[in-house]
Amino acid sequence: MISYEEFSENCRRLIERVETAAQKSGRARESVKILPVTKTHPIDAALYCSKYGFASVGENRVQEALDKMGKIPPGQSCPEWELIGHLQSNKAKRAVENFSRIQSVDSAKLLRKINAEASSISKIQRVLIQVNAGRDPAKFGVDIEEAPELLAIALECKSISVEGLMTIAPLDSDLKVATACFNNLRNLRDKLQRDFSIALPELSMGMSGDLEAAIGEGSTMIRVGTFLFGSRGA
Ligand SMILES: *Cc1c(COP(=O)(O)O)cnc(C)c1O
């Protein structure tokens, strides 16, 4: 685990990258939020984020996140947790109980399970719909063509609030492929907003290696692990 000083230096460099990319596309730096991704790193990573002033961190496995939540020292403030990894229906209950937002909703079955669990604890669960905008056979996420139907179901779920869309660029893709994926998500979001007459403000896209491309295509939230905390398992 890196030191807090190294972490804050990485934050400074990341903010610089965001600023440069935002400037290039005529956007305000504040229009791009940073979600630090703490997966595989100890609880200290989340505590660093809290100290630095981040409102939330991303984790991609429910159990790993729960283990970390159990290690927050008493009296220590900790950011909120967002789930960014694939969620199985049988873990929906724990996810609803512990995550402020679930970014990886990609099926009707999961929507209904989340809705029921949220309803049972009188919570409005904030979610993003994950779209396989890069048409990657290895990736989770609803297909672009099926997204409208899934959104329609989500809008009927009284205990769910859909705030936008999320995507992951195809693994090992070059920047051109990633850019096309982000552009697809942006266009889909614009179309869904028009067709459903709703606001879907959040576009969660871009990671350590492709965040400039994502910001150029309108990302409102980049999810960054490696650039902030170093390589996983190192
Ligand atoms: C791990 C992960 C990230 C962060 O990736 P880095 O390349 O380490 O920045 C972002 N989004 C999701 C869904 C992830 O699983």
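The shell around the ligand in this predicted model is made up of five nonpolar, four polar and three charged residues. In this division Ala, Val, Leu, Ile, Met, Phe, Trp, Tyr, Cys and Pro count as nonpolar, Asp, Glu, Lys and Arg as charged, and the others, Gly among them, as polar. Among the residues around the ligand are Val37, Lys39, Ile84, Ser208, Thr226 and Arg232, where a residue belongs if one of its heavy atoms lies within 4 Å of the ligand.

Residues are numbered from 1 along each chain as its sequence is written. Local features need pLDDT of at least 70, side-chain atom pairs count only at pLDDT 80 or more, totals for chains, interfaces and linings use all residues, and side-chain values use heavy atoms, with hydrogens and water left out.

| Residue | Distance from its side-chain atom to a ligand oxygen |
|---|---|
| Lys39 | 2.6 Å |
| Ser208 | 2.5 Å |
| Thr226 | 2.5 Å |

Taken alone, the ligand exposes 390 Å², and the protein buries 91% of that; these areas come from the Shrake-Rupley method with a 1.4 Å probe.

The cysteines form another topic. The count of disulfides, defined as pairs of cysteine sulfur atoms within 2.5 Å, is zero. Cys49 is in no disulfide, and the nearest cysteine sulfur, that of Cys11, is 6.7 Å away. Cys49 has a relative accessible area of 0% and Cys181 one of 1%, so both are buried, a term that means under 20% relative accessible area (1.4 Å probe, protein chains only).

Key:
A polar contact is a pair of N or O atoms within 3.5 Å; within protein, one must be able to donate a hydrogen and the other to accept it, and residues adjacent in sequence count only if both atoms are side-chain atoms. Buried means under 20% relative accessible area, exposed over 50%, partly exposed in between (1.4 Å probe, protein chains only).
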